[in-house]
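Keep the structure in view while reading.

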Amino acid sequence: TGEFNFEFMESCADYGASLAVLYGKMTSAADGTLVGVLSGDLVDRDIHMGSGILSVCDARSAELIDLALTLIKDDGSLRPPLKHAIGDAQRIAAAGSGGLLFLEEV
């Protein structure tokens, strides 16, 4: 237990502004010890608000489109079952903004 720092870097810029391939690390806040590494995709929902986010996810990977179809609509908004599972209006608003982060490796 304790406090941790997360640092993410874009590892591939070949997908344009709507998708970033990320690499990250988690370190102990106390002494900087490396605790773990992460890699994944970050889809910018703001660029696609209105339509088209699912096609970006589908073009990237089967795993990403599977996750996206479970969590969001093509306009980037949250699906009703996810809103219901979250419950709290403030947390729903937070989950419904910003990017969609898919961690491929932890």
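## Overall picture

Of the 106 residues in the protein, buried residues make up 30%. The model is a predicted one. Its C-alpha atoms fill a box of roughly 45 × 35 × 20 Å along the principal axes.

The protein has 5 helices and 4 strands. Read from the N terminus, the elements run β-β-β-α-α-α-α-α-β. Take the contacts between residues at least 6 apart in sequence: 41% of them join residues at least 24 apart.

## The sheet

The 4 strands form an open sheet. Their order is β1-β2-β3-β4, and the pairing is antiparallel. Two strands sit at the edges: β1 (4-12) and β4 (100-105). Each of these pairs on one side only. On average, neighbouring strands of the sheet are turned by 30° against each other, direction ignored.

Strand β2 spans residues 19-28 and pairs with β1 over 8 bridges, in the antiparallel sense. Several residue pairs can be traced by eye. N5 has T27 in β2 as its bridge partner.

On to the next pairing. β2 and β3 are joined by 9 bridges, also in the antiparallel sense. Here G24 has L38 in β3 as its bridge partner.

## Two hairpins

The hairpin of β1 and β2 has 6 residues between the strands. In this hairpin, G16 takes a positive phi near 85°. The hairpin of β2 and β3 has 5 residues between the strands. There G32 takes a positive phi, near 80°.

A30 also belongs to the loop between β2 and β3. Its relative accessibility is 76%, so A30 counts as exposed. The C-alpha atoms of A30 and G2 are separated by 8.1 Å. Along the chain, these two residues are 28 residues apart.

## Helices on the sheet

Which strands does helix α2 lie across? Helix α2 (residues 53-60) lies across β2, β3 (34-43) and β4. It runs at about 125° to β3. Helix α3 (residues 62-71) packs on the sheet too, where it touches β3 and β4. The direction of α3 makes about 140° with that of β4.

The two helices also meet each other. The axes of α2 and α3 come within 6 Å and cross at roughly 150°. An angle over 145 degrees counts as roughly antiparallel, and α2 and α3 are therefore roughly antiparallel to each other. On the α2 side, the contact uses L54, C57, D58 and R60. On the α3 side, it uses L64, I65, A68 and L69. The residues of this contact divide into 6 nonpolar, no polar and 2 charged.

## The nonpolar core

In soluble globular proteins, nonpolar side chains tend to be buried together. The largest nonpolar core here has 14 residues. Which of them touch the most other members? They are V43, I53, L54, C57, A68, I72 and L100. The largest share, 4 residues, comes from α2.

Leaving aside residues up to four places away in sequence, L100 touches D41, L42, V43, R45, C57, A68, L71 and I72.

## A serine in β3

S39 lies in strand β3. Is S39 buried or exposed? Its relative accessibility is 19%, and buried means under 20%, so S39 counts as buried. Again leaving aside residues up to four places away in sequence, S39 touches L22, Y23, F102, L103, E104 and E105.

Terms used:
Residues are numbered from 1 along each chain as its sequence is written. This is a predicted model: local features need pLDDT of at least 70, side-chain atom pairs count only at pLDDT 80 or more; totals for chains, interfaces and linings use all residues. Side-chain values use heavy atoms; hydrogens and water are left out. Two strands pair if DSSP finds at least two bridges between them. Axes are lines fitted to C-alpha atoms, for helices over the stretch in contact, and angles run from 0 to 180 degrees between N-to-C directions. Contact means heavy atoms within 4.5 Å. Angles under 35 degrees count as roughly parallel, over 145 as roughly antiparallel, 65 to 115 as roughly perpendicular and the rest as oblique. Ala, Val, Leu, Ile, Met, Phe, Trp, Tyr, Cys and Pro count as nonpolar, Asp, Glu, Lys and Arg as charged, and the others, Gly among them, as polar. Buried means under 20% relative accessible area, exposed over 50%, partly exposed in between (1.4 Å probe, protein chains only). A nonpolar core is a set of buried Ala, Val, Leu, Ile, Met, Phe, Trp, Tyr and Cys residues joined through side-chain atoms within 4.5 Å.
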